[in-house]
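Hello,

Here is the structure we talked about. Please look through it first, and then read the notes below.

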2 protein chains.
Amino acid sequence: MNKQLALMLAGGILSAGVLAAYAAEGKPEDTVKYRQSVYNIIGWNFKPMGAMAKGEMPFDAAAVARHAQYVEMMSKALPEGFAKGTGPDAVKNTEAKAEIWTKPAEFDTKLKDFQQEAAKLTEVAKGGDEKTIKAQIGKTAETCKACHKEFRKD
Amino acid sequence: MNKQLALMLAGGILSAGVLAAYAAEGKPEDTVKYRQSVYNIIGWNFKPMGAMAKGEMPFDAAAVARHAQYVEMMSKALPEGFAKGTGPDAVKNTEAKAEIWTKPAEFDTKLKDFQQEAAKLTEVAKGGDEKTIKAQIGKTAETCKACHKEFRKD
């Protein structure tokens, strides 16, 4: 069943499209709150996986499988959180850099890298092989860091 | 494919178990932030569906199908946001009432009502019938209100 879900996710049932498709709707602050909520849920689920990968927490394949699904789904939910008009010029309390909107193709690539590695994590989590899963947790975390480095304020 | 996903969700792949299973881990504030994030994403996705049901926004079956999936998934993500030790006696800035933890069976029932109606919404959204979908949006919203009335501060 997990494989089918992964295929459906890969098939774009939950695809949120490309960044450019989103125009600002409603208050920019609401969009910022939305994307911060999405990142919060990603972090909530990634934290135990990161701890497992580092050996700071006992490895639990079933827990990884569950967390990975949420991370993958939230990766699909991210693009609509970056609608035009919701950058640091429009709102306070955002760590999002203006470059997200001035270099949309680059940001989109980084976002897709994350979506792809998160999807792979859901995939390998089904296999249950600890070494493979831990390696993929690391690869996924790298895509987080790569995007934050370029597009998030310190 | 949507049907398969719904079946998998119903089958508990993403089930977050019962409330009692969650003990407080980490800082209570982090758990509060997590559950508020989950509710924020539910609200973000429910808002356009509510507007469509009320005729304030053009009906879009594909959009409902997408939003409904996120609402359903987030309904499964809620229980771990109500770990013991994260109530109003432990943290500020929460609208959660103490009754959530003093009447866990009642809260669990309300939460499950929401999960069930949200799952049905994903299901009927596949059919594409506007009248049926709008009615189910209303039914799902009622489960939100029923829980808020009893367990959320005004």
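**A salt bridge in chain B**

In this predicted model, Glu150(B) and Lys110(B) form a salt bridge, with their closest N and O atoms 3.6 Å apart. The pair links distant parts of the chain: Glu150(B) sits in helix H6 (residues 130-151) of chain B and Lys110(B) in helix H5 (residues 104-127) of chain B, 40 residues apart. Glu150(B) is partly exposed, with a relative accessible area of 32%, and Lys110(B) is partly exposed as well, at 21%. Side chains of opposite charge can pair when their charged atoms come close.

In chain B, the side chains of Lys126(B) and Glu123(B) meet in a salt bridge of 2.7 Å, N to O. These two residues are three apart in helix H5 of chain B, so about one helical turn separates them. Lys126(B) has a relative accessible area of 25% and is partly exposed; Glu123(B), at 35%, is also partly exposed.

In chain A, Lys126(A) and Glu123(A) form a salt bridge, again 2.7 Å from N to O. Both lie in helix H5 (residues 104-127) of chain A, three residues or about one turn apart. Across all chains, the search finds twelve salt bridges.

**Chain A as a whole**

Chain A has six helices and zero strands. Of its 154 residues, 46% count as buried. Among contacts in chain A between residues at least 6 apart in sequence, 76% join residues at least 24 apart. Chain A exposes about 7600 Å², and carbon and sulfur atoms supply 53% of that area.

Regards

Technical notes:
Residues are numbered from 1 along each chain as its sequence is written. Chains are lettered from A and ligands numbered from 1 in the order in which they are written. This is a predicted model: local features need pLDDT of at least 70, side-chain atom pairs count only at pLDDT 80 or more; totals for chains, interfaces and linings use all residues. Side-chain values use heavy atoms; hydrogens and water are left out. Helices (H or I, at least four residues) and strands (E, at least two) are DSSP runs, numbered from the N terminus. Buried means under 20% relative accessible area, exposed over 50%, partly exposed in between (1.4 Å probe, protein chains only). Contact means heavy atoms within 4.5 Å. Accessible areas come from the Shrake-Rupley method with a 1.4 Å probe; for residues, only the protein chains shown count as cover. A salt bridge is a side-chain nitrogen of Lys or Arg within 4 Å of a carboxyl oxygen of Asp or Glu.
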